[in-house]
Amino acid sequence: MDSSGSLNAQCVLLLAERIRAKAAFQTQQDKFLTWQFDSEYRGDNFTASVTLGNPDIINQSAIVVGHFLQSVTQNLVLGGEIVYHRRPNEEGAILTLAGKYA
């Protein structure tokens, strides 16, 4: 917390050996600016995560992000991300695919 009363906070929980959860909050004096919750699962050759950002039930808005990264071979990794954003009178989604060969 700084001298003006603003706060940046994170809480990370290791729920199991391969499952992690995190909550992050940011305030500016008495108002919430951002808050997000995410969870991640790490498999033997893949990682999957979901993030929920700035959820607001009253105004029916939120941002949801999903990631998936898969090691296909030792040299090839493929993955994707989907971002979904919703608020009143506005809605959208973006899909991104990526790969790495080393």
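Me: Which residues does Asp38 touch, leaving out those up to four places away in sequence?
Reply: Asp38 touches Arg20, Ala21, Lys22, Val50 and Thr51. Contact here means heavy atoms within 4.5 Å. The model is predicted: local features need pLDDT of at least 70, side-chain atom pairs count only at pLDDT 80 or more, and totals for chains, interfaces and linings use all residues. Residues are numbered from 1 along each chain as its sequence is written, and side-chain values use heavy atoms, with hydrogens and water left out.

Me: Where is Asp38, and is it buried or exposed?
Reply: Asp38 lies in strand E3 (residues 31-42). Strands are DSSP runs of at least two E residues, and helices are runs of at least four H or I, both numbered from the N terminus. Asp38 is buried. Buried means under 20% relative accessible area, exposed over 50%, partly exposed in between (1.4 Å probe, protein chains only).

Me: How many bridges join E6 and E7?
Reply: Strand E6 (residues 76-87) and E7 pair in the antiparallel sense over 12 bridges. Arg86 stands opposite Glu91 in E7.

Me: Now aromatics. How many pairs?
Reply: The count is 5 aromatic pairs. Rings of Phe, Tyr and Trp (its six-membered ring) pair if their centres lie within 6.5 Å; planes under 30 degrees apart count as stacked, over 60 as edge-to-face and the rest as tilted.

Me: Why is the Tyr41 and Phe46 pair tilted?
Reply: Their ring planes stand at 40 degrees, so the pair is tilted, with centres 5.8 Å apart. Phe46 is partly exposed at 25% relative accessibility.

Me: And how do Phe46 and Phe68 pair?
Reply: They are stacked, 5.6 Å centre to centre with 25 degrees between the planes. That pair links distant parts of the chain: Phe46 in strand E4 (residues 46-56) and Phe68 in strand E5 (residues 61-71), 22 residues apart.

Notes: Pairing = 2+ DSSP bridges. Lys, Arg positive; Asp, Glu negative; His and termini not counted. Salt bridge = Lys/Arg side-chain N within 4 Å of Asp/Glu carboxyl O.
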